[in-house]
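Hi,

Here is the structure I promised to pass on.

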Amino acid sequence: RQRQMCIRDRPAPITEPPDRAEMQRRLDRVRTRMESAAVDAYVVHDPDNVFYLTNFANYVHERPFVLVVPIDGPLRFVAPQLEAAHVRVRSVGDIELIPFVEFPAPAGDTWADRVRDALAGAERVGVESSCPLQVADELPGTRVRVDVVDDARMIKTDYEIGRLAHASQLVGAAHAEVMGKVAPGDMMAVLAGDTTRDLTLRMLGDMPNANMLASSFGAVIQPPSISHDPHNFTDLFIAMEQGGPHVSVINSVVNGYGAEIERTFFLNTVPDEAHRPFEAMMEARRTAFDLTVPGATMSDVDQAVRDVLERHGYLDAILHRTGHSFGVTGHEAPFLAVSYDHEIRPGMLFSIEPGIYLDGIGGFRHSDTVLVTEDGNVSLTTAPDQLDDLILDR
């Protein structure tokens, strides 16, 4: 059963950058999985996986960044000479920088030449599923498709949990701020702009040297006319309305670590037709919290949530799974989804966000960033979730 969620249960926020020991812990996890896959080296192209192993984030244009993970020794980072100083400033850990001059470049001086240099002697080379063919086709040896970094990221280190707690604290504070002022007639663009600016300033107040290239702030409030369509953010000038359901969404990456909070709320009144789906959503939410515990299977959680919503007659109103994870992004594996038959383990995080979407009425969804603990779970984000507290008198 879900434990009572108290402040004392929540991990302390961390704002300091990772140290070499933290980066080594992550690398050790990856190498354990490399050994199981029997690969001599592993090639990382996904910028999120590069960040996870190096603390370096950058926009990737036509000049590729390729991280080679040997089975022992320092990481080998093939990067543009243009970015060499940037890599040295932001990266943490034992990393051998292997620059290439430019793209395009003469034969013998291309990024592909440097990647092959970094893989010298490797016979079986692991390659992540998201690696583009442009890179994969240049690799020597026998290529093995295996996602060892993505797998390692699923269970968080204590440091990561502290950083995720900090991100959750910031999105929660920004959400409280916008909920304190939203009123009928307010435009989405204004509310979103104020909230993202607030989040940026909060982050920089805590972390003056935060990497803006590893940060993104998303804030949206949907009025009932579009809240049945959960990703309809097309009209930034749409106005909030009397009644509801409105749905607030803050999904952000705070200097490299993601968190999310969402609430269904009403302005001044609750339409009669909104009571029943709101209560069904809340029952599904309680079920998800009760079942998202160590030893449970992720697919079983989602199926139990679907069963609740089907019992209330809303099976056709389900548009998405019960939850996704967070880490160095705001949206990643593992997933609370049918057919995703993985065990829930301590140190995993999930959004818990079962939703009901009714055209002509609106959307009903709360979401929190939830940490799985040794004996249950605890929400790292906090906001009122009961109907009486979500009728805002404006």
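Predicted model: local features only at pLDDT ≥ 70, side-chain atom pairs only at ≥ 80, totals over all residues.

Below is what I found, grouped by topic.

**Around Thr329**

I'd begin with Thr329, which sits in the loop between β10 (323–325) and β11 (332–336). Is Thr329 buried or exposed? Its relative accessibility is 11%, so Thr329 counts as buried, the cut-off being under 20%. Leaving aside residues up to four places away in sequence, Thr329 touches Asp48, Arg153, Val253 and Gly258. Tyr52 is 277 residues away along the chain, yet the C-alpha atoms of Thr329 and Tyr52 are separated by 9.9 Å.

The side chain of Thr329 also has polar partners. It reaches the backbone nitrogen of His331 at 3.1 Å, and it makes a polar contact with the side chain of Glu332 at 2.7 Å.

**Salt bridges**

As a reminder, side chains of opposite charge can pair when their charged atoms come close. The count for this model is 20 salt bridges, and I'll pick out a few.

Glu332 forms a salt bridge with Lys156, and the closest N and O atoms are 3.2 Å apart. Lys156 is in the loop between α6 (148–153) and α7, while Glu332 is in strand β11, so this pair ties together parts that are 176 residues apart in sequence. Lys156 and Glu332 are both buried.

Next comes the pair of Arg365 and Glu262, where the closest N and O atoms are 2.4 Å apart. Arg365 belongs to strand β14 (residues 362–365) and Glu262 to strand β9 (residues 257–267), so here the parts tied together are 103 residues apart in sequence. Arg365 and Glu262 are buried too.

Strand β9 turns up again with Arg263. Which residue does the side chain of Arg263 meet in a salt bridge? The partner is Asp368, at 3.1 Å from N to O. With Arg263 in strand β9 and Asp368 in strand β15 (residues 368–373), the pair ties together parts that are 105 residues apart in sequence. Arg263 is buried, with a relative accessible area of 1%, and Asp368 is buried with a relative accessible area of 1% as well. This pair belongs to a network: salt bridges that share partners join Arg263, Arg285, Asp368 and Asp385.

Now for α7, which you can find at residues 158–179. This helix has 22 residues and reaches 31 Å from its first C-alpha to its last, close to the 32 Å expected at 1.5 Å a residue. Of those 22 residues, 17 are buried, so α7 is largely enclosed by the rest of the structure.

Met187 has 32% relative accessibility, so it counts as partly exposed. What does Met187 form on the surface together with Val190, Leu236 and Phe237? The four make up a nonpolar patch, with about 380 Å² of accessible area together.

**Backbone details to look at**

Most residues other than glycine have a negative phi, and most peptide bonds are trans. That makes a few spots worth a look.

- Phe103 and Pro104 are joined by a cis peptide bond with omega about -5 degrees. Pro104 is in the loop between β4 (95–100) and α4 (111–118).
- From Ala333 to Pro334 the peptide bond is cis, with omega near 0 degrees. Pro334 lies in strand β11, the strand that also holds Glu332.

The others are asparagines with a positive phi:

- Asn55 has phi near 70 degrees. You'll see Asn55 in the loop between α2 (47–54) and β2 (66–70), where it is buried with a relative accessible area of 14%.
- Asn268 has phi near 80 degrees. Asn268 is in the loop between β9 and α9 (275–291), and it is partly exposed, with a relative accessible area of 25%.

Happy to go through any of this with you.

Cheers

Note on methods. Residues numbered from 1 in each chain as written. Heavy atoms only, no water. Patch = residues over 30% accessible without salt bridge, like charges linked within 9 Å, V, L, I, M, F, W, Y side chains within 5 Å. Areas by Shrake-Rupley, 256 points an atom, 1.4 Å probe, with all protein chains shown as cover. Helix = DSSP H or I, 4+ residues; strand = E, 2+ residues; numbered from the N terminus. Buried < 20%, exposed > 50% of the residue type's maximum accessible area, 1.4 Å probe, protein only. Contact = heavy atoms within 4.5 Å. Polar contact = N/O pair within 3.5 Å; in protein donor to acceptor, adjacent residues only side chain to side chain. Expected span 1.5 Å × (residues − 1).
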